[in-house]
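Hi,

Here's the model I promised to pass along.

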Amino acid sequence: MPKARLAGGIALVTATVIGCGAVTTPSLSAKELLPSQSTLIDYVDPSTVPGLSTETVTEGDGGGRRVHAVYPVVDGAPRLTEKLRAVVGGHTDRSGEGAAPPSSELNVDWQLAAVSDQVVGVRLSVGEFTGTGWATSRTTVWYDRVEKRAMDSTGLLKDSAALTALAALTRVELAGQKQVVDVDAVKAGEDFFDSLSFNRDGDLVVEFDDYQVAAGSLGRVAVAVPEEKVAGLLSPAGVRARSAAVSARKAQSQAPSAAEIEAATADRPEARSPRAGTVDCTRIKCVALTYDDGPGPGTGELLDVLAEHGARATFFTVGTNAAAQPGLLLRMSREGHLVANHTWSHRDLGSLPTSKIAHQLGRAQEAITRATGQTPTLVRPPYGAVDEKVMEAAAELGLPVVRWSVDAGDVKDHDAGSVARRVVAAAEPGSIILMHDVRSTAAAATPEILRTLTERGYAFVTVPELYGSAGMRPGKIHDSGPAPATTP
């Protein structure tokens, strides 16, 4: 399989990621940050947070409105989970209002703005696509472990007077920017100050939604209000949050640069099941179980089920979940399964420009490689959506594109028995079966699928094993494998 050729795409990835405020510049010390870099936030590596897992909300499939939202679940902070669920639910509910165009999409991604034994900050990035382009809103939710309460960003401030003062300071900082912004649009309300965090110096970073104070073409607009100007405005929770952000400088998590992605994937073995080759699918009836969107809360249980039946599967993992739970990915690989690329945050790649397609694929490659020690060799585009740009990006990374021939329907159908019967009825030699390990239904349906199809003489293999020596072609679509030449 061709090695990845990332030079052109990754250069664009880096520019895109830096523009989103997700990386810092390691060559500069904290006090040497340029003005435009003062709004960058050092996000915490989720894999370093004990007990952290994720929850995923999905709606829609190949047509109609699509929703994919992920948020973290932090051990010992149930009120934070409730708050995040409510915030995400508010967006998913609103996205269904009115006559949404068939191509509309809602996508929620997350990062950890700060984590300490006293506070947790979760930044949600909410992207909405309405058929003509993406618009992003940003919300940062805070959990005070001392007071045991979840709060909006304005909870970092003492009171309404402090919010009014912050609004005035923010207008001053905005006026000093070279970008064309509407300074007078800023009001002392929660809508304008729903995403507050701290940079490495303790300055308060105020982020705005697209189109809130400037044209959407400017992308992320944010200001950093100096620490000395906001010190008297902070609540006790705000003081704790600032302390957590400043003390975490040396433990920061950054979106990988072009060089880091190259280094992480270079000279790593291509992902391959250690049990590949033990089944000859030219002679035996084979099917490939595939699970998308994880790892999720039920993935460990699903792995137990597969192990009990001696079956292996292909897991198309989302990069954000992979980065949060690398141990589960490593277990998948060691137990004979194949871990593959399902993009970084599950956006329909066809709705993105080339640079952001490269970002989605490249960053997921890096996260999965770090977790498993192997470079993914397959990609499944979210919703199975492909176009010429997606195919070219996959080819550049040396990735065959995998879709499916059997949809278990577990996104809409929560009855495990019904899901199992649907799969069993549709399965045939060479089938690629689509399920989702973020759904408890998949784990519950899998035992019956394994039992019944085993009785019918099927073997369960990873996707590349269906194709055997014929192999799979990078940048080409693979919906199902060939049937065996002979049937025992």
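Below is what I found, going from the whole chain to single residues.

A bit of housekeeping first. This is a predicted model, so local features need pLDDT of at least 70 and side-chain atom pairs count only at pLDDT 80 or more, while totals for chains, interfaces and linings use all residues. Residues are numbered from 1 along each chain as its sequence is written, and side-chain values use heavy atoms, with hydrogens and water left out.

**The chain as a whole**

The protein chain has 14 helices and 19 strands. Both are DSSP runs numbered from the N terminus: H or I with at least four residues for helices, E with at least two for strands. Of its 488 residues, 57% count as buried. For that I used a 1.4 Å probe on protein chains only: buried is under 20% relative accessible area, exposed is over 50%, and partly exposed is in between. As for contacts (heavy atoms within 4.5 Å), take those between residues at least 6 apart in sequence: 71% of them join residues at least 24 apart.

**Two helix pairs**

Start with helix α12 (residues 416-426) and helix α13 (residues 440-455), whose axes come within 8 Å and cross at roughly 40°. The axes are lines fitted to C-alpha atoms, for helices over the stretch in contact, and the angles run from 0 to 180 degrees between N-to-C directions. α12 and α13 are therefore oblique to each other. On the naming of angles: under 35 degrees is roughly parallel, over 145 roughly antiparallel, 65 to 115 roughly perpendicular, and the rest oblique. On the α12 side you'll see A416, V419, A420, V423 and V424, and they meet T441, A444, A445, E448, I449, T452 and L453 of α13. By class, that contact has nine nonpolar, two polar and one charged residues. The classes are Ala, Val, Leu, Ile, Met, Phe, Trp, Tyr, Cys and Pro as nonpolar, Asp, Glu, Lys and Arg as charged, and the others, Gly among them, as polar.

Then there's helix α9 (residues 326-334) with α10: their axes come within 8 Å and cross at roughly 70°, so α9 and α10 are roughly perpendicular to each other. This crossing is right-handed too. P326, L329, L330 and S333 of α9 make the contact with I368, A371 and T372 of α10. By class, the α9/α10 contact has five nonpolar, two polar and no charged residues.

**The disulfide**

How many disulfides are there? With the rule of cysteine sulfur atoms within 2.5 Å, the count comes to one. C281 and C286 form it, with their sulfur atoms 2.2 Å apart. The torsion about their S-S bond is about -95°, so the disulfide is left-handed. Both cysteines, C281 and C286, are buried.

Which peptide bond is cis? Look at the one from G294 to P295, with omega near 0°. P295 sits in the loop between β12 (285-292) and α7 (299-309).

Two non-glycine residues to check for positive phi: K148 is at about 55° and Y383 at about 65°. K148 is in the loop between β6 (134-144) and β7 (149-151). Y383 belongs to the loop between α10 (354-372) and α11 (388-396), and is buried, with a relative accessible area of 14%.

**A few single residues**

R240 is in helix α5 (residues 236-247). Buried or exposed? R240 is buried, at 16% relative accessible area. Not counting residues up to four places away in sequence, R240 touches Q118, V119, D144, V146 and E147.

K476, in the loop between α14 (463-467) and β19 (477-478), counts as partly exposed at 40% relative accessibility. K476 and A394 are 82 residues apart in sequence, yet 8.3 Å apart in space, C-alpha to C-alpha. Neighbours within four places aside, K476 is in contact with M391, P400 and V401.

Finally, R65 lies in the loop between β2 (53-59) and β3 (66-73) and is partly exposed at 26% relative accessibility. R65 and S104 are 39 residues apart along the chain, with their C-alpha atoms separated by 5.1 Å.

Cheers

Notes: A crossing is left-handed if the near helix is turned anticlockwise from the far one by less than a right angle, and right-handed if clockwise.
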